[in-house]
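User: Please take a close look at the strand pairing in this model. Which backbone details go with it?

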Amino acid sequence: MAQYDFREIECVNACNKVKGGFPYLWDLNIYRGCEHGCKYCFALYTHKYMNSQNFFNEIYVKTNIAEKLEKLLHSKSWKGEPINLGGVTDNYQPAEEHYKLMPEILKLLIKYKNPCTISTKSDLILRDFDLIAELAETAGVNVAATITCTDESIRQKIEPRGASSKRRFEMLKAFSKTKASTGVHIMPVIPFITDSRENLESLFSNAKDADVDYAIVQPMNLRGETKNVFLSFVREEYPSCYNELCGMYKRGYVSSEYKAGLYKMTDELMKKYGISKSRREPRSKPQGGEYEQMSLF
């Protein structure tokens, strides 16, 4: 069994400003490192800033993050823009069971009526159901679950400490009863492992049953340390497709032809199951006081 090293630190700022390409400007991560152990995790490189090589087992906890968030939300320069909670690491990873920092974050967002988005691979988020439902009433919340496959034998290999896909869909169904918008992030789609029509159809069928508002599909990219970790995993667990995957990812990205074929298939399935590719969520609070809506996808 893996051993986890939790290290308490203090952060300078609660939120980081995100550069182009994302539907939000601000990102808040309570933890550095992530216990989920996803073999395709893009964020492995971030541990180099901590002089650490152990992203999955050495977890840094920003114990003063609520204090720093209140300072930000209270400042005159803050415009009430949506904050993405957990764009680099999952704020509901197992460490959160002990540290319980998310309720403090959510209470501050309620206090300042500030909208947010939350993406997770855990149903621990249900612990904070009432807080999230309250925030959805006053400012707005988007709750998303990243779900890559419905075959639990595959899921356990590629995301060993995430919640089962069934539990993630059940979590989304619970939040669909609130005013929060809900979505499935089918990302990354992994060639030869999770990109079959059977798997994708099962995902969209379950998404419909969970009454989600939208879905996002994105094929896997492989760069830097992530590429080494993932391909080593494939060589051990899926040796029959190792050479083909190495060939596909020489440049770190799948070909435009692969993307076109994937999106053609998923567009057909979204239409079949009546699932949108667009999500709607609150933007910054305008001068009039009421939140407006905007399409982000």
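Analyst: Of the contacts in the protein with a separation of 6 or more, 76% join residues 24 or more positions apart. A contact here means heavy atoms within 4.5 Å. The model is predicted: local features need pLDDT of at least 70, and side-chain atom pairs count only at pLDDT 80 or more, while totals for chains, interfaces and linings use all residues. Residues are numbered from 1 along each chain as its sequence is written, and side-chain values use heavy atoms, with hydrogens and water left out.

First, the setting. The protein has ten helices and twelve strands. These are DSSP runs numbered from the N terminus: H or I of at least four residues for helices, E of at least two for strands. The radius of gyration is 19 Å, close to the 19 Å of the globule rule for 297 residues, so the protein is as compact as a globular protein of that length. That radius is taken over C-alpha atoms, and the rule is 2.2 Å times the number of residues to the power 0.38. Buried residues make up 53% of the 297. Buried means under 20% relative accessible area, exposed over 50%, and partly exposed in between, with a 1.4 Å probe and protein chains only.

Now the sheet. Seven strands form an open sheet with mixed pairing, in the order β2-β3-β6-β7-β8-β9-β10. Its edge strands are β2 (16–17) and β10 (214–219), and each pairs on one side only. Two strands count as paired if DSSP finds at least two bridges between them. Strands of a sheet pair through backbone hydrogen bonds, either parallel or antiparallel.

One pair shows the detail. Strand β3 (residues 26–28) and strand β6 (residues 83–85) run parallel, joined by three bridges. D27 has N84 in β6 as its bridge partner.

Further along, β9 (residues 181–189) contains P188. The peptide bond from M187 to P188 is cis, with omega near 0°. Most residues other than glycine have a negative phi, and most peptide bonds are trans.

F192 sits in the loop between β9 and α7 (197–209). Its phi is positive, about 70°, although F192 is not a glycine. F192 is partly exposed, at a relative accessible area of 42%. D211 lies in the loop between α7 and β10. This residue, also not a glycine, has a positive phi near 60°. D211 is partly exposed too, with a relative accessible area of 47%.
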